[in-house]
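Subject: Structure for you to look at

Dear colleague,

Here is the structure I said I would pass on. My notes on it follow below.

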Amino acid sequence: MEDSNKVLFSILNERLELLRQLDKEGDSEKRRHIARETQNLHAPMAHRLGLYQIKTEMEDLALKFLDYDTYKYIAHALNAKKAEREAYIASFIAPLEKKLKEEGFTFTIKGRPKSIHSIYHKMQAQHCDVDKIYDLFAIRIILDSPVEKEKSDCWQVYSLITDVFQPNPKRLRDWLSVPKENGYESLHTTVLGPENRWVEVQIRSRRMDEVAEQGVAAHWSYKGVKGSIIQKSGDIYVFTPTGDLRRLPEGATVLDFAYSIHSEVGSHCVGGTIRNQNVSIRQKLESGDQVSIMTSPNQHPNPDWLNFVTSSKAKNKIRQALKEIEYKSAAEGKEMIERRFKNWKLEYTEADITRMALKLGYKEVSDMYQSLATGKEDIQRLREVFLTPEETPTVREHTEYVDKSELKGLAIEVDMNVKNVDYNLSKCCNPQPGDPIFAFVSVTKGIRIHRIDCPNADNIRERYPYRMIPARWAKKS
């Protein structure tokens with residue numbers, strides 16, 4: 001895990017250096033592309049790793065190249081009020097310093113403005129101008145405490161601060177008891193300072209501060225601390241052959257990576273190359289891998305792919321491709337029947353198609369179409385079924401409820417209470433007296449009677465269960 005984090009730390013440093021030099025890039029669209037990529041990928045990565053200093057600078061520089069006017073406006077407003085802000089911070093800190101010294105603490109207090117990117121988001125969220133943002137800066141108290149006393153000292157300092165200034169209980173953030181996933185530990189509170197202005201105060205130890213500023217890099221210097229402060233972020237970071245970075249969920253495969261590049265690349269992926277070794281589409285990736293994708297025009301998605309991809313993008317694209325393949329196959333199968341039956345000079349109806357599908361054991365007509373298109377079904381077999389005359393079933397073969405003498409005197413009893421209702425027999429399954437049936441209340445055609453094993457029954461149950469009514473054959477009253 002540490003080796004992977006070192007690779008990522010190197011990637012982030014390179015990206016930060018690129019951003020610092022981006023003013024020299026003449027192509028404005030390229031600058032915006034790099035800034036957007038940083039905002040969407042590199043800054044969140046730095047955040048996950050606890051590299052807040054890098055994250056903050058990245059976000060500010062990305063905003064600079066995406067919305068220069070807003071960036072300059074906020075920067076100018078902060079600079080214009082710098083002297084006023086510094087005077088206020090000094091007045092806020094003075095009583096705290098006195099109190100902490102009286103209690104024997106060794107500490108450092110810093111006052112710093114919020115980042116330009118942070119202020120920009122506050123302006124958007126609060127729908128106000130920069131001078132209306134009440135917490136433009138934060139105070140940080142850093143304690144020189146031994147590891148075993150860090151947490152208790154932080155809470156003691158919190159108690160001292162709230163003796164001096166009124167706290168806002170809704171703004172207390174305790175990352176001492178439960179640190180963030182990336183190891184961040186700190187105690188945040190917001191108090192009402194002089195001039196009735198709200199001020200955020202962060203309380204942490206020296207070790208916590210270095211981890212907060214440097215993230216995993218600081219961790220490498222704290223091998224003696226019990227327990228690792230690094231936790232899995234749940235993501236991995238992988239390179240394309242040209243050096244572009246892709247973020248994928250942990251456990252992602254070569255196929256996930258292929259779909260992250262483009263859906264067509266994913267759909268035709270047959271494998272990849274990692275460290276000059278050929279690997280299958282199932283190969284799981286690790287942070288820092290550089291992956292080349294191999295494709296073939298003969299490769300197409302299959303349902304098994306859904307069993308090993310992990311990214312939502314790959315899963316959605318595979319499902320979409322499979323649906324398209326099904327629709328295409330069904331259309332080809334339908335066209336095959338139309339063409340061949342026309343050549344044979346055989347006329348057929350939709351009911352005939354349904355009858356053939358049922359006779360051949362298909363639940364859906366579309367399944368029969370797909371089987372024809374893929375060669376699993378023989379068109380000649382359909383012709384034979386079509387030309388085979390239907391046997392006229394006897395009443396005894398169909399049901400135990402009626403006999404031949406009653407066929408002309410039958411009605412449908414719906415919902416067990418209403419007899420002699422107006423109804424139509426559905427052509428899709430052609431129910432016969434004695435068949436197990438159900439009633440369906442359609443929007444435009446009234447009550448339609450279907451067989452229980454109608455090829456459309458599953459679809460009706462799934463989409464319109466509230467329109468299904470129990471029904472049975474009954475004698476006319």
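This is a predicted model: local features need pLDDT of at least 70, side-chain atom pairs count only at pLDDT 80 or more; totals for chains, interfaces and linings use all residues.

In what follows, contact means heavy atoms within 4.5 Å.

Overall

The chain has 477 residues, and 44% of them count as buried. Its secondary structure amounts to 17 helices and 16 strands. Among contacts with a separation of 6 or more, 62% are between residues 24 or more positions apart. The accessible surface is about 26,800 Å², with 48% of it belonging to carbon and sulfur atoms.

Helix α12

Helix α12 covers residues 312-343. With 32 residues at 1.5 Å a residue, α12 should span 46 Å, and its end C-alpha atoms are 47 Å apart, which agrees. The buried positions of α12 are Ala 314, Ile 318, Ala 321, Leu 322, Ser 329, Ala 330, Gly 333, Met 336, Ile 337 and Phe 341. After the helix comes Lys 345, with a positive phi near 55°.

Strand β2 (residues 137-143) is largely enclosed by the rest of the structure, because seven of its seven residues are buried. This holds for both faces: one side carries Phe 137, Ile 139, Ile 141 and Leu 143, and the other carries Ala 138, Arg 140 and Ile 142, all of them buried.

β2 pairs with two strands that I looked at. Strand β1 (residues 107-113) runs antiparallel to β2 and is joined to it by seven bridges; Arg 112 has Ala 138 of β2 as its bridge partner. Strand β6 (residues 198-205) pairs with β2 in the parallel sense over six bridges, and here Ile 142 has Arg 204 of β6 as its bridge partner.

In soluble globular proteins, nonpolar side chains tend to be buried together. The largest nonpolar core in this model has 39 residues, of which Phe 92, Ile 139, Ile 141 and Ile 203 touch the most other members. Two or more residues of this core come from each of α4 (68-80), α5 (82-102), β1, α6 (116-126), β2, α7 (150-164), β5 (187-192) and β6. The element that gives the most is α5, with six residues.

Ile 139 is worth a look on screen. Leaving aside residues up to four places away in sequence, Ile 139 touches Ile 89, Phe 92, Ile 93, Ile 109, Lys 110, Gly 111, Val 199, Glu 200, Val 201 and Gln 202. Another core, of 22 residues, lies apart from the largest one, and its members include Leu 8, Leu 41, Ala 43 and Met 58.

Cysteines

How many disulfides does the structure hold? It holds zero. A disulfide needs two cysteine sulfur atoms within 2.5 Å. The sulfur of Cys 428 has its closest cysteine sulfur in Cys 454, at 3.5 Å, so the two are too far apart for a bond. Cys 429 is in no disulfide either, the nearest cysteine sulfur being that of Cys 454, 3.7 Å away. Cys 428 counts as buried at 17% relative accessibility, and Cys 429 counts as buried at 4%.

Regards

Note on methods:
Residues are numbered from 1 along each chain as its sequence is written. Side-chain values use heavy atoms; hydrogens and water are left out. Buried means under 20% relative accessible area, exposed over 50%, partly exposed in between (1.4 Å probe, protein chains only). Helices (H or I, at least four residues) and strands (E, at least two) are DSSP runs, numbered from the N terminus. The expected span of a helix is 1.5 Å times one less than its number of residues. Accessible areas come from the Shrake-Rupley method with a 1.4 Å probe; for residues, only the protein chains shown count as cover. Two strands pair if DSSP finds at least two bridges between them. A nonpolar core is a set of buried Ala, Val, Leu, Ile, Met, Phe, Trp, Tyr and Cys residues joined through side-chain atoms within 4.5 Å.
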